[in-house]
Amino acid sequence: MTLRITSFSNFVEARQVSFSVMSALLKLEDVSVLRDGKVILGPISWSLSTGQRWVIIGPNGAGKTTLLALVGALIHPSSGSVEILGNRMGSVDVFELRPRIGMSSSALQDSLPVEERVVDLVLTAAYAITGRWLEEYDLWDESRAKALLDIFGVRELSERRFGTLSEGERKRVQIARSLMADPEILLLDEPAAGLDLGGREDILERISRYLDEEGAPASVIVTHHIEEIPRGTTHALLLSAGGIFAAGEINSVLTESNLNQLFGVEIALSHDGRRYSAISKRA
């Protein structure tokens, strides 16, 4: 069977028109996820709206990665209702939905072919596939892919094989890839994890600058570390044991009291007007 895919630019324009007035991008109602008969997430209810920039924080095993997979249309709920971009999970073709959700995660990275050229990995994200086959792209597509690599500081790696990149370089390429199809929702799972101080600060500022732009997607970022919350984050979701501990505007949710209870450690929280930091009061 021959697969022929042409430029996705017209698709992007049509999608932007049809959803330009939508405010509720994501809605979960009484959602639970079970594995081997055990509830690993839920029941939770939560929504994401246009213009919001969420961070999800919680201890190991709290359900952060499961929640991200759920809202990324990678898994289905065991019970409850999930609506993504006006479509209810279970009644929509997820392969049509996924290109409209940009995602970067360690699990996705493991599925990317190491022999693929960096620029091709970014290009193929337009159709939610991970390797070049018989698709065709035009100059607009290639220009966008290279521009995104440039925004995240790795344009010079365009012709390199993905498997030859460092961990930090792979994260930057993945983020560029997640934005290729001009998604309405951007999901980033620990985008700064494993980076040195310089790399962390650089990538977080690049993410913030991109999301500052008019028309940028609503975003959800998962992190274990308060210091890795990007500037401009508007809302916070605190997860504990698969349930929502607190959710809402970041200034009201990200407090010393909530963090003390969430992690079981007395924490001193500070905010310099741009970024947060936290240390144990016992230190």
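This is a predicted model: local features need pLDDT of at least 70, side-chain atom pairs count only at pLDDT 80 or more; totals for chains, interfaces and linings use all residues.
Let's start with what "buried" means here: a residue is buried when its relative accessible area is under 20%, exposed when the value is over 50%, and partly exposed in between, using a 1.4 Å probe and protein chains only.

Residues are numbered from 1 along each chain as its sequence is written, and side-chain values use heavy atoms, with hydrogens and water left out.

Now the sheets. Helices (H or I, at least four residues) and strands (E, at least two) are DSSP runs numbered from the N terminus, and two strands pair if DSSP finds at least two bridges between them. With that in hand, you can trace an open sheet of 6 strands in the order 6-7-8-3-9-10, with mixed pairing. At its edges sit strand 6 (101–104) and strand 10 (243–249), each of which pairs on one side only. Neighbouring strands of this sheet are turned by 15° against each other on average, direction ignored; the axes behind that angle are lines fitted to C-alpha atoms (for helices over the stretch in contact), and angles run from 0 to 180 degrees between N-to-C directions.

Start from the strand 6 end. Strand 6 pairs with strand 7 (residues 185–189) in the parallel sense over 4 bridges, and M103 has L187 of strand 7 as its bridge partner. Further in, strand 3 is joined to strand 8 by 4 bridges, the two running parallel, with I56 partnered by V222 in strand 8. Strand 3 also pairs with strand 9 in the parallel sense, again over 4 bridges, and there I57 has L238 as its bridge partner.

In it, 5 of the 5 residues (53–57) are buried, so the strand is largely enclosed by the rest of the structure. In a regular strand the side chains alternate between the two faces of the sheet. Here, R53, V55 and I57 point one way, while W54 and I56 point the other way.

There is also an open sheet of 4 strands, in the order 2-1-4-5, with antiparallel pairing. Its edge strands are strand 2 (38–49) and strand 5 (87–88), each pairing on one side only. Strand 1 (residues 24–35) and strand 2 run antiparallel and are joined by 8 bridges, with L34 standing opposite V39 in strand 2.

Next, the charges. A salt bridge means a side-chain nitrogen of Lys or Arg within 4 Å of a carboxyl oxygen of Asp or Glu, and by this rule the count comes to 15. One of them brings R231 back: its side chain meets that of D212 at 2.9 Å, N to O. D212 lies in helix 8 (residues 197–212) and R231 in the loop between strand 8 (218–222) and strand 9 (235–240), so the pair ties together parts that are 19 residues apart in sequence. D212 is partly exposed, at 40% relative accessible area. Both residues belong to a network of salt bridges linking R53, E205, R209, D212, R231 and R274.

Elsewhere, K281 and E256 meet in a salt bridge at 3.4 Å, N to O. K281 comes in the segment after strand 12 (276–280) and E256 in helix 10, so this pair ties together parts that are 25 residues apart in sequence. K281 is partly exposed at 45%, and E256 is partly exposed at 26%.

Helix 10 (256–263) leads on to G264, which sits in the loop between that helix and strand 11 (267–271). G264 is exposed, with a relative accessible area of 58%. G264 and P59 are 205 residues apart in sequence, but 9.8 Å apart in space, C-alpha to C-alpha.
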